Amino acid sequence: MRPTELLKSGVQADWTAATDHAFTRALADGSLSPDKMAGYLQQDYLFVDGFVRLLASAIAQAPTLADAVPAAQFLAVITGPENTYFLRSFEALEVPADAPASPEARAFQDLMAEARATGRYECMLAVLLVAEWSYLDWATPFEDRAEALPFWLGEWITLHTGEGFAGVVAYLRDQLDRTWPGLSPDEQARAQDLFHRAVKLERAFFDAAWAGFGVAR
């Protein structure tokens, strides 16, 4: 079994709960209220700064230029089309981009900062992989629904599906799989802990989003 598959299997119940969630099902069938989506997006947007810094740090730690290039290309997507999607959605939903961080958002921000502070490539990859792989898993079954939805719902699905995004996840998995055998048991345990905690936080974030974060206005 691939190391990344083994990591996921160790927290499978939380993974399944996060990737087959009432929130994402409602998002995909169009029944999610604009207020719930707006609150969710305000909280998710709080991750962008930390995610960009974590991804940039991983690029700096990549073993070779060839290893770094796909991550650098993905960084351009996050700071370009994805950032623009958020701003267009906030305008359409008539809410500001800025919002106080919920406990769930703050916890994931802290985890990203912790992974970055380790200075360890495998630790950064572990958190980045959960963030992207879990979204690929929940969004892919709904890929064919995106065009029929308001753009703030449909484009969120589109950003996390398709060959390009699947390639990002495949790249992150490959990087961690190839790094794993060279790690000491303690290094593996640290990366595993970050991976598992990230999955649990993804589940908690969707649970809170479904309950309703509330909208900052």
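This is a predicted model: local features need pLDDT of at least 70, side-chain atom pairs count only at pLDDT 80 or more; totals for chains, interfaces and linings use all residues.
Reader: Which residues does Met 37 touch, not counting residues up to four places away in sequence?

Author: With residues up to four places away in sequence left out, its contacts are Phe 23, Leu 27, Leu 32, Tyr 85, Trp 152, Leu 153 and Trp 156.

Reader: What covers the buried residues of H3?

Author: The buried residues of H3 are Phe 23, Thr 24, Ala 26, Leu 27 and Ala 28. Just after H3, Gly 30 takes a positive phi of about 80 degrees. The cover over the buried residues of H3 includes H4, H7, H8 and H10.

Reader: How far from Asp 44 is the nearest side chain of opposite charge?

Author: Asp 44 lies in helix H4. Leaving out residues up to four places away in sequence, Asp 44 touches Phe 86, Tyr 135, Trp 156 and Phe 205. A salt bridge requires a side-chain nitrogen of Lys or Arg within 4 Å of a carboxyl oxygen of Asp or Glu. Asp 44 is buried yet has no salt bridge, and the nearest side chain of opposite charge, Arg 88, is at a distance of 14 Å.

Reader: Why is the pair of Trp 15 and Phe 195 stacked?

Author: The count of aromatic pairs comes to 22. For Trp 15 and Phe 195, the ring centres are 6.3 Å apart, and the pair is stacked because the planes stand at 0 degrees. Planes under 30 degrees apart count as stacked.

Reader: How many residues apart in sequence are the parts that the pair of Trp 15 and Phe 195 ties together?

Author: Trp 15 counts as buried at 2% relative accessibility, and Phe 195 counts as buried at 0%. Trp 15 belongs to helix H2 and Phe 195 to helix H10, so the separation in sequence of the parts tied together is 180 residues.

Reader: Is Thr 179 buried or exposed?

Author: Thr 179 lies in helix H9, and its side chain reaches the backbone oxygen of Gln 175 at 2.7 Å. Not counting residues up to four places away in sequence, Thr 179 touches Tyr 121, Glu 122 and Leu 125. Buried means under 20% relative accessible area. Because its relative accessible area is 19%, Thr 179 is buried.

Reader: How far apart in space are Ala 107 and Arg 197, C-alpha to C-alpha?

Author: Ala 107 has its place in helix H6 and is partly exposed, with a relative accessible area of 26%. Ala 107 and Arg 197 are 90 residues apart in sequence, while their C-alpha to C-alpha distance in space is 10.0 Å.

Key
Residues are numbered from 1 along each chain as its sequence is written. Side-chain values use heavy atoms; hydrogens and water are left out. Helices (H or I, at least four residues) and strands (E, at least two) are DSSP runs, numbered from the N terminus. Buried means under 20% relative accessible area, exposed over 50%, partly exposed in between (1.4 Å probe, protein chains only). A polar contact is a pair of N or O atoms within 3.5 Å; within protein, one must be able to donate a hydrogen and the other to accept it, and residues adjacent in sequence count only if both atoms are side-chain atoms. Contact means heavy atoms within 4.5 Å. Lys and Arg count as positive and Asp and Glu as negative; His and the chain ends are not counted. Rings of Phe, Tyr and Trp (its six-membered ring) pair if their centres lie within 6.5 Å; planes under 30 degrees apart count as stacked, over 60 as edge-to-face and the rest as tilted.
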